[in-house]
Number of protein chains: 2
Amino acid sequence: MSKVNLKDLAKALNISVSTVSKALRDSYEIGDETKKKVIAKAQSMGYSPNPYAGFLRNQKSKTIAMVLPELTNNYFIQAISGAEAIAHENGYHILIYATNDDKEKESGILNHLLNGRVDGVLMSVSSNTSQYEHINELIQAGIPIVFFDRICHEIETAKITTNDFASGFLATEHLIQSGCKKIAYLSISEHLSIDHKRKQGYLEAMNKHDFTIDEQLIVQCSTDEKSNTQKIKKILTSKNKPDGIFASVERLALTTYQVCKRNNISIPNDLKVISFSNLRTADLLNPSLTTITQPAFEIGKEAATILFKHLAKRKSIIPNENIVINSELSIRGSTNPTIK
Amino acid sequence: MSKVNLKDLAKALNISVSTVSKALRDSYEIGDETKKKVIAKAQSMGYSPNPYAGFLRNQKSKTIAMVLPELTNNYFIQAISGAEAIAHENGYHILIYATNDDKEKESGILNHLLNGRVDGVLMSVSSNTSQYEHINELIQAGIPIVFFDRICHEIETAKITTNDFASGFLATEHLIQSGCKKIAYLSISEHLSIDHKRKQGYLEAMNKHDFTIDEQLIVQCSTDEKSNTQKIKKILTSKNKPDGIFASVERLALTTYQVCKRNNISIPNDLKVISFSNLRTADLLNPSLTTITQPAFEIGKEAATILFKHLAKRKSIIPNENIVINSELSIRGSTNPTIK
DNA sequence: AAATTACACGAAAACGATATCGTAAAAAAA
DNA sequence: TTTTTTTACGATATCGTTTTCGTGTAATTT
């Protein structure tokens, strides 16, 4: 049982607790010899400071929370991975919370964090979040928050995103240049800023190339996969069926693939597909999937870096800042018949 | 600034701190009226207890750590997701640590946890871990640990795995029954128990069907993807090339797919492939991948459940226990030409 | 009426580390 | 030599809870 504390150390060395504490923190108040003795004794007795005592004293826990809509998602996982990597370097620890894309659960989690369990929060809001009181409360409690991907424009803080508008534009234009005449957009949620921007990019590209916008081809999807499958199947088997699909998120592209497989719709011959995606197996799909790939790892890393920077300054208010890290288009078989 | 503490509440109510504390914890010592007053005031003043003060006092933090080889891995992510779901229900929080499959980093992380930052640990050991002092230290410090998937037989505690031997046997037999004559096994690490068992299953099936074991067909892979690609390419283009591959983990199956794609080896005609995998897109690969799918979500959930059960009892020693949750074989195109 | 028990609350000691003071002794300056 | 400064350390309050123990009043028992 290594329950050695400062008091034990002090007793063993016949000096005071405060001297031991200062020696271990390399204070200028303590002589070199004493320091050495203390450090040696701490080593030999296997001392390691009780973290919670320090947290209580300093009101800092060196812990942050990542609050995410879902975990089983390549994008978020890579973002966690990026944040985790940089956290370790800065001596921070990461608590993980999944909101299951539900505003109520999201709100509950943030309320739980209100009491100072974490020094800061990295967050991607859930798709049905349209009010932000729970977020503002957190900030007012002095806990800074940095958004990434699914951001809140309404909150003043740092926000990391990719170039959603430009990428949406690029994706749509790529479909047009690949010969598509009727392009559908699969939307994930009307409340999400990223969705809005990607859709704006889509609309802009349509306009530029004098395509008429058909509201029927803008499909409002949700978190309910059954319903999404229905909607996608319906549009792909309707008279007005599109010959190109731009999926705003990976999940919807995969659903599209499933629907096509079951209904013998050939990609890319009958239908070309492009999607925002961080799938590692995009290359190996049948056909390989043309993607807009976000630098998720870097985005997570950047979000964490900014948060740590402000935490180090003991500034709980993070000024508004929009950081954009560009995505990349990878053209593959789902939009180009010459690629397998 | 909601920095309301018990003292503030007590002052506002003109009663003592201890009464407030007891009232909020619904102690029998406090009268009903006082309780109501206190609770109402706590509500109106927005009181929320400082977690670290409680942790310090109780020596419990309601926090556990998950220590994993890597995050960008479908299996581990599902396991995290399972643990996270059950943690929330039990009021626990989860810290995430990635070892990058490196024993040194793993050791460093466990050392960091030694000081009581967490009440318990869920862990899958890294593939080059062959000594267990750092794990034993943790247990001796009174922090219980539950293993899942990549377990340590040498440590006495609860261990959750899938039926690796039987699944390895089943996978190999499936290849044999699919007509394979020369079956290779892609090993991930000789130190890992799961790998060992899967390989034993492979060997047993080979024996049962009077296949001669060819050591050349047992390929020792590693965490270095370049090297794995080389090895797999080498064996698939050698004179002694196999017509069936059993990949012990998903990553190696994907590498096999890449190699086949680049070298025009047709799956399943030239080569049949089966793999342990939790890929959501197994269906959509070219060809779809026959998998042994582990119930990762349930495994994570079960591991967390067991840990919480023991933590609730304040028992820091978890008796040895082996819990097995079976995997499922999903036959798809990579072993059956009639399936796309 | 006296003795006992229950009830409702307050005072204070932990939990373990940190930081502000205060103060001896030694060194430097006057 | 006296005064001032530096050096090195100790005593103590503090962070916010929880919990043990003590105590005065009211209710119950003999």
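I began with DNA strand D and found 26 residues around it, the closest being A:S18, A:T19, A:G31, B:S18 and B:A53. I counted a residue as near a molecule or strand if its C-beta atom, placed from the backbone, lies within 6 Å of it. The model is predicted, so I kept to its limits: local features need pLDDT of at least 70, side-chain atom pairs count only at pLDDT 80 or more, and totals for chains, interfaces and linings use all residues. Residues are numbered from 1 along each chain as its sequence is written, while chains are lettered from A and ligands numbered from 1 in the order in which they are written.

**DNA strand D**

I looked up which elements supply the surface near DNA strand D. Helix 2 (17-24) and helix 4 (51-58) of chain A, and helix 2 (17-24) and helix 4 (51-58) of chain B, each supply at least two residues. Helices (H or I, at least four residues) and strands (E, at least two) are DSSP runs, numbered from the N terminus. Helix 4 of chain B has the largest share, 5 residues. By class I noted 9 nonpolar, 11 polar and 6 charged residues. Here Ala, Val, Leu, Ile, Met, Phe, Trp, Tyr, Cys and Pro count as nonpolar, Asp, Glu, Lys and Arg as charged, and the others, Gly among them, as polar.

**DNA strand C**

I then turned to DNA strand C, which has 24 residues around it; A:N5, A:S18, A:A53, B:T19 and B:G31 come nearest. Helix 2 and helix 4 of chain A, with helix 2 and helix 4 of chain B, are the elements that give two or more residues to this surface. Helix 4 of chain A gives the most, with 4 residues. The classes are 9 nonpolar, 10 polar and 5 charged.

**Chain A against chain B**

The same surface serves both copies, as 100% of the contact residues of chain A recur in chain B. Two residues are in contact if their C-beta atoms, placed from the backbone, lie within 7 Å.

The contact takes 36 residues from each of chain A and chain B. On the side of chain A that touches chain B, helix 4, helix 5 (74-89), strand 2 (93-98) and helix 11 (250-262) of chain A give two or more residues. I sorted that side into 21 nonpolar, 13 polar and 2 charged residues.

**Sheet in chain A**

I traced an open sheet of 6 strands in chain A, in the order 7-6-8-9-10-12, with mixed pairing. Two strands pair if DSSP finds at least two bridges between them. Strand 7 (218-220) and strand 12 (328-330) of chain A stand at the edges with a single partner strand each, so one side of each is left without a neighbour in the sheet. Strand 6 (residues 183-187) and strand 8 (residues 244-247) of chain A run parallel, joined by 4 bridges. I found A:F246 in strand 8 to be the bridge partner of A:Y185.
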